[in-house]
Amino acid sequence: MNSGVIAAYILKEFKELLRSRMIAIVYILPTMIIILFGYGIRMEVTHARTLIIDNDRSKISQDLTVRFQNSKYFDTKVVTGITLKEALESIKRAKTDILIIIPDRFEKELLKREKPEIAVFVDGAFPVRASTMENYVKGVIFDAASTILKEKPKNLVTINNRNLFNQPMRDEDAIVPGLIGLILLVAPAILSALLIVKEKEEGTIFNFYSSAVSRGEFILAKIVPVFILHSINIFILFLWATWLFEVPFRGSFTLYWLSSELYILTSIGIGLLVSVITRSQIVAIVLTIIITIIPGFLYSGMLMPISSMSGESKIEAHIYPVMYYNHIIYDTFLIGQGLDSPKNRLYLVILLFYALFMLLLGSRLVKKETG
Amino acid sequence: MKIFLALITKELIGFFRSWGLVAVVLYSFTLDIYIAGAGIEMQAKNISVGYVDETGGGMSQKILSRLHMPEFQKPVMFNSREALSRSIYNRETMVGIIFESDFEKNLQKYKRAEINLLLDSISATQSFQALQYLQNILLEYADLKYPVKLKIHKLFNPNATTSQFMAMAEMLSVITLLGVILTAAVFVREKENGTWEIMLLTPVNPKLIILAKSFSQVIIVMAGVVMATGIVLFGAFDVPINGSLFAFFLLSFFYAFTSAGIGLFVAAVSKSMLQVAQLSILIMMPLIFLSGAWTPIHAMHPLLQDLSLISPLRYYIEGSESIFFRGTSFVDLWSYFAGVILLGSVLYFYGFRKIGRLF
Amino acid sequence: MADLELKKITVTHKRVVAIKDASLRAQEGEIVGFIGADGAGKSSLMHAVAGVASFEGEVVFKGRTFRSPKEAEPLKPLIGLMPQGIGLVLYKNLTVDEHLTFFTKIRNIPESPSLREYRQRLLEMAGLSPFTDRPAGKLSGGMKQKLSLICTLIHRPKLLILDEPTTGVDPLSRLELWDILDEIRKSEGTIALVSTAYMEEAAKMDRVYLFDSGEIIASGTASELLEKVAEYSYEPTPCTTRRCITTMDYTYSIDPLDAPRKTPTLEALFFINALREGQQIPHIEISDRENKIAVPPVVMEAKGLTKRFGDFVADDHIDMQLRGGEILGLLGANGAGKTTFIKMLLGLYPIDEGELTLLGKPIKSAKERRELKASIGYVSQQFSLYKDMTVRENLHYFASMHALDIGKAQERISRYAKELGFEKYMDELPSDLPLGINQRFSVAAALLHEPVVLFLDEPTSGVDAIARSQFWQMITLLKKKWGISILITTHYMSEAEYCDRIVLLKEGKKVADDSVENLYKKFPKAKSFEEIFLHYYEDRI
């Protein structure tokens with residue numbers, strides 16, 4: 001290894017990156033993804049557009065509708081005198097999410113213990129949303145019902161619930177750290193995937209082939225600029241997460257930073273592999289996107305906790321480096337055990353292993369000859 | 001017309017000769033949609049449960065036996081609260097239940113008792129759903145006699161499977177992605193291969209060339225739509241079709257033109273395929289996320305809600321949902337058609353003019 | 001003992017043998033030339049010697065032997081490789097200065113006064129010292145090649161491997177490249193392996209190796225090689241036997257011919273080798289055009305045509321006439337404004353100033369142009385064909401663009417295929433075919449609609465001698481049978497002599513406009529057209 005040679009190569013890579021428009025993709029893409037997904041993905045349901053047809057207009061029925069009106073989960077409109085058909089049409093046109101119909105004689109039947117029936121229609125097009133809305137409605141109605149409940153229940157078990165890590169159950173807290181894991185996997189991989197294949201396509205790779213520059217030096221020169229440029233993203237993304245999305249940060253920043261750097265190296269290693277095996281830039285870009293985005297999503301823990309996985313997907317999750325990094329990152333943001341936890345220590349070592357393995361594999365496969 | 005056909009034939013030949021591109025398109029319209037549908041699950045399922053039982057069994061085990069697949073994994077016993085808590089902190093267990101020693105006594109004596117629940121609430125939605133499942137199980141166990149009956153109808157998608165929904169959303173995203181990239185590629189490939197000038201020198205009206213070239217890609221995308229709808233949506237996921245399939249294809253056709261319009265714009269400002277790839281990613285990401293594919297529009301940040309009004313994909317997705325799940329009649333789809341056609345023509349004509357200037 | 005010795009080198013690409021059992025020797029300070037058609041194995045051998053491709057056999061250089069790229073590694077500080085392709089090894093965003101610094105650093109050469117001096121000398125030899133801040137992407141083709149060469153020379157290699165450094169480069173830059181090479185080999189004792197498509201260059205080398213389909217089939221000094229073919233070279237005469245071919249300037253025949261002999265050039269090697277191997281060299285023919293038209297006396301008239309790119313004036317008030325039925329050669333160095341001028345004529349660039357009359361009509365609007373497109377044929381520098389369509393599909397596509405009806409298109413396409421000798425390649429993809437075939441079928445595509453005027457931009461660059469000769473037969477036949485006008489650019493000065501008239505551009509200005517004869521009269525001392533060209537360009541002669 002010759003530091004002068006490496007420095008010259010690195011300087012050249014930097015100049016090229018800065019002068020080409022490639023630099024835009026380095027900083028615009030990560031910020032764009034975190035802002036769009038961070039603001040865009042909302043799993044919790046608030047302000048469900050609710051239409052209540054109160055055919056009873058009694059005190060109890062009004063009591064019930066007021067409960068809906070006072071909840072932040074519903075935007076309630078109480079109407080009378082519209083037909084079921086018209087109301088259903090409103091759901092069909094995606095103007096209404098929930099339709100609740102209180103029958104006439106509701107109060108009378110209730111008082112006579114005749115079990116009046118409340119009909120509820122929920123827009124099922126968004127499944128998760130539909131079942132959440134269903135549970136909300138059940139909750140409000142049964143809660144109201146239990147206040148006028150006469151007989152004592154047997155075996156009533158209540159829950160004394162403690163929400164750990166994300167007390168208010170905010171979507172931002174749930175999603176944003178996972179997004180960092182997704183971005184730091186995809187963006188460095190795309191950039192590094194292009195670096196070698198671009199030289200292959202344009203022919204400048206011959207400068208490496210025909211000089212005494214070693215494979216190690218060449219790889220190092222390719223890695224360092226991407227590594228430095230994306231290391232800045234570690235801080236930018238941290239700022240977006242804590243400042244813009246107000247995600248709490250309970251753990252050790254050093255651990256966050258260290259594991260992110262290792263993770264970036266792994267991602268660069270993936271890109272490097274792609275770059276070594278492909279011949280054209282467009283194939284390299286498409287291949288990188290395919291092999292990083294989907295696993296980045298599935299195994300991030302954003303949509304589904306790793307502990308809920310089983311069978312193949314559990315095995316796959318353990319193969320991709322995504323899971324290990326995300327475990328640490330959620331810990332640093334929300335849990336805060338840091339290096340006290342043996343699991344975090346183990347996962348950090350695994351990340352280190354991945355980074356070294358990917359880079360080593362990449363540099364082993366780089367050829368210093370044509371064909 | 002003969003020239004128009006010749007132009008289209010040429011593009012289709014070019015498409016089928018580049019097997020890499022064919023493979024990518026086939027993959028996107030089949031496996032990619034399948035993976036998204038089968039893999040991305042937002043309903044809480046298979047939740048890991050751990051418990052500490054200080055009561056010595058009985059009631060507690062009866063309750064635990066009610067936790068079962070598909071919602072819950074078999075509960076795992078821990079010997080101490082610390083062990084349970086550690087497992088939750090290591091995120092191996094999502095729901096931790098603690099039956100305190102007086103649990104059974106209270107239940108027998110007062111007919112009511114409390115369990116302590118430790119909930120890993122990082123995945124907010126899933127955690128919330130887990131809590132609700134548990135609540136429902138306990139209510140059932142209590143065998144409450146409510147004075148009212150609730151009859152809940154889930155409209156349009158009674159089985160409420162995420163996979164159907166995700167598969168469809170992914171298909172619409174794929175249409176956008178390929179509509180843009182393929183169209184842009186058709187033009188940029190000519191720039192890269194140096195055939196651009198030859199194209200300019202043919203005595204054919206440039207408008208006809210642009211139209212034919214983009215139309216050829218619309219054909220490819222539409223073939224993909226038919227294939228994906230038949231094989232993946234109907235075949236693999238049994239997506240219901242409550243409305244008119246013809247309406248869906250018609251809407252898709254207009255939408256394909258819209259994305260082709262974006263492709264024209266991308267082609268006009270890009271010199272290489274690399275720039276096409278970069279630009280497409282930058283334009284498409286917001287488009288897809290503002291569309292309501294991932295999250296309902298009215299649940300978004302208010303600013304994003306306003307912005308989403310100018311995403312043609314929004315109208316396309318809402319329209320498609322209405323056709324498949326809601327069974328909205330043709331006449332009532334006019335607003336979606338209007339949205340797609342209006343934004344589509346603006347985008348298409350803008351792209352058309354932009355690339356037309358290069359002729 | 002030889003300083004460089006290649007022993008039985010075989011290079012295989014994806015199970016296809018690119019070069020087989022090639023051996024050669026060279027001494028310090030020698031320039032060794034590689035000539036041969038494209039695909040003959042020159043580049044593969046060069047890659048093997050440079051240690052960038054795997055091979056069988058042995059390379060011995062300075063007493064050290066290597067058998068693989070890996071073993072070549074310790075020798076790489078002594079080797080310099082410049083692969084084929086204009087500016088291929090340059091980074092288009094980096095400046096001239098940054099290139100030299102980068103190449104110095106990656107060769108791990110310590111900063112020293114002697115290095116600075118050497119570097120300055122290289123810059124001056126290449127004429128690049130005024131442009132050290134210019135990004136490589138903005139240099140002309142000739143400058144790019146000179147920059148590539150001095151970057152390859154910065155570490156003072158003892159073995160220099162240059163793969164077609166002069167293809168697509170103008171005569172002046174070519175001379176300058178050779179001057180640099182000559183000086184370096186004298187002062188540094190460098191061995192240079194150089195492949196070239198210009199036989200004049202090959203004639204100047206110490207030894208020449210002739211490559212044909214993966215083998216070295218002849219070697220020796222230029223005069224030795226010429227001696228071997230002298231007996232088969234005659235003044236142009238009609239052929240009577242099968243093993244005979246007539247080109248623009250020669251007749252080559254294996255069987256004795258009753259005609260005066262003519263001193264051959266190295267190009268004769270290609271023809272005679274082809275005749276010996278019994279290769280079919282298709283005979284070019286052109287039948288009369290179907291639609292007779294009267295070609296106007298003046299096909300194109302440009303008055304004060306000007307094109308600016310920012311501050312840079314690419315074409316500066318150029319007046320030019322293209323008369324009916326003439327072949328007009330447009331010559332000039334790289335960056336002199338030839339391509340820009342043709343593109344203005346075609347309407348690919350807007351005209352900044354001046355007037356253009358095509359086929360008697362002043363050209364103003366795009367609509368007027370479109371009507372004229374039906375009378376114009378154009379072949380661009382890189383024979384722009386659709387690579388993903390077969391030859392047949394390409395031709396049918398162009399036919400329908402010109403709204404030819406199917407029957408007529410079919411008939412014309414098969415006629416051209418037969419006459420221009422690419423009939424057996426009809427169902428292959430252009431990328432699988434030799435450049436010469438691509439060139440002829442590009443011209444066929446441009447002729448489908450029977451144009452009145454043909455614009456050809458460097459149609460012969462990189463094409464081998466036989467294909468070039470056939471190309472010119474085709475062009476002269478077109479003129480004779482069709483009576484159309486042809487505007488052509490080329491860097492082969494010998495080809496200029498086949499033109500009726502020459503227009504010479506220099507730095508965007510027209511400096512000469514006359515018939516070849518008159519130009520020779522003007523410069524009576526000139527032995528070749530290249531010298532006439534250089535007279536206009538060089539202030540140093």
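Q: Which strands form the open sheet of six strands in chain C, and in what order?
A: The order is β6-β7-β8-β3-β9-β10 of chain C, and the pairing is mixed. The names come from DSSP: a strand is an E run of at least two residues, a helix is an H or I run of at least four, and both are numbered from the N terminus.

Q: Why do β6 and β10 of chain C count as standing at the edges?
A: β6 (79-82) and β10 (215-220) each have a single partner strand, so one side of each has no neighbour in the sheet. On average, neighbouring strands of this sheet are turned by 15 degrees against each other, direction ignored.

Q: What kind of model is this, and which pLDDT values do its features need?
A: This is a predicted model, in which local features need pLDDT of at least 70 and side-chain atom pairs count only at pLDDT 80 or more, while totals for chains, interfaces and linings use all residues. Residues are numbered from 1 along each chain as its sequence is written, chains are lettered from A, and ligands are numbered from 1 in the order in which they are written.

Q: What makes β9 and β10 of chain C a pair?
A: Two strands pair if DSSP finds at least two bridges between them. Strand β9 (residues 207-212) of chain C and β10(C) have five bridges and run in the antiparallel sense, so they pass that test. Within this pair, Tyr209(C) stands opposite Ser219(C).

Q: Which helix lies across β3, β7, β8 and β9 of chain C, and at what angle to β8(C) does it run?
A: Helix α1 (residues 42-49) of chain C lies across those strands, at about 155 degrees to β8(C). Such angles run from 0 to 180 degrees between N-to-C directions, with axes as lines fitted to C-alpha atoms, for helices over the stretch in contact.

Q: Which three strands of chain C form an open sheet with antiparallel pairing?
A: They are β11-β13-β12, in that order. The edge strands are β11 (233-234) and β12 (244-246) of chain C, each pairing on one side only. β11(C) is joined to strand β13 (residues 251-253) of chain C by two bridges, and Ser233(C) has Tyr252(C) as its bridge partner. Helix α9 (residues 267-276) of chain C packs on this sheet, touching β11, β12 and β13 of chain C, and makes about 40 degrees with the direction of β13(C).

Q: How many helices and strands does chain C have, and why is it called as compact as a globular protein of its length?
A: Chain C has 18 helices and 23 strands. Its radius of gyration is 24 Å, close to the 24 Å that the globule rule gives for 541 residues, so chain C is as compact as a globular protein of that length. The radius is taken over C-alpha atoms, and the rule is 2.2 Å times the number of residues to the power 0.38.

Q: What does the globule rule give for chain B, and what radius of gyration does chain B have?
A: A compact globule of 359 residues would have a radius near 21 Å, but chain B has 27 Å. The C-alpha trace of chain B spans about 95 × 45 × 40 Å along its principal axes. Chain B is divided into domain 1 (2-40 + 160-356) and domain 2 (49-142) (bounds from an automatic or database assignment). The C-alpha centres of these two domains of chain B lie 48 Å apart.

Q: What share of chain B counts as buried, and what makes a residue buried?
A: Of its 359 residues, 52% count as buried. A residue is buried if 20 or more other C-beta atoms, placed from the backbone, lie within 10 Å of its own; 12 or fewer makes it exposed, and in between it is partly exposed. In chain C, 48% of the 541 residues are buried.

Q: How many residues of chain A and chain B are in contact, and what makes two residues count?
A: 91 residues of chain A are in contact with 90 residues of chain B, which means that C-beta atoms placed from the backbone lie within 7 Å. The largest share of chain A's side, eleven residues, comes from α6(A). Strand β4(A) is joined to strand β5 (residues 149-155) of chain B by seven bridges, running parallel. There, Glu117(A) has Lys149(B) as its bridge partner.

Q: How many residues does the contact between chain A and chain C take from each?
A: The contact takes 23 residues from chain A and 25 residues from chain C. On chain A's side, α1(A) gives the most, with eight residues.
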